[in-house]
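Please read the numbered points alongside the model.

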Amino acid sequence: MSVIYLLISISIVVAIVFFVAFVKAVKSGQFDDDYTPSVRMLFDDELRKTKIELTTDEKQL
């Protein structure tokens, strides 16, 4: 029974360590995306064209 208590305590410590590492990475800006907003307007027309092409193809059928 003492092994279960040991494993539970170790797993809680490991979970806390991963949570602290995740919070630190988020606060440091590691997950911020600086590139996509600057090029989103370039790909917006392509998305609209494919949607228009799909709808016209469906009407022809």
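1. Alanine 25 touches Gln30 and Phe31, where residues up to four places away in sequence are not counted and contact means heavy atoms within 4.5 Å. The model is predicted: local features need pLDDT of at least 70, side-chain atom pairs count only at pLDDT 80 or more, and totals for chains, interfaces and linings use all residues. Residues are numbered from 1 along each chain as its sequence is written, and side-chain values use heavy atoms, with hydrogens and water left out.

2. Alanine 25 lies in helix 1 and is buried, at a relative accessible area of 12%. Valine 26, in helix 1 as well, is partly exposed at 42%. Here buried means under 20% relative accessible area, exposed over 50%, and partly exposed in between (1.4 Å probe, protein chains only).

3. Of the 61 residues in the chain, 3% count as buried. The chain exposes about 6100 Å², of which carbon and sulfur atoms supply 68%; accessible areas come from the Shrake-Rupley method with a 1.4 Å probe, and for residues only the protein chains shown count as cover.

4. The chain has two helices and zero strands, taken as DSSP runs numbered from the N terminus (helices: H or I, at least four residues; strands: E, at least two). Helix 1 covers residues 2-27. Its 26 residues reach 38 Å from first C-alpha to last, close to the 38 Å expected at 1.5 Å a residue; the expected span is 1.5 Å times one less than the number of residues.

5. Glycine 29 follows helix 1 and has a positive phi, near 90°.
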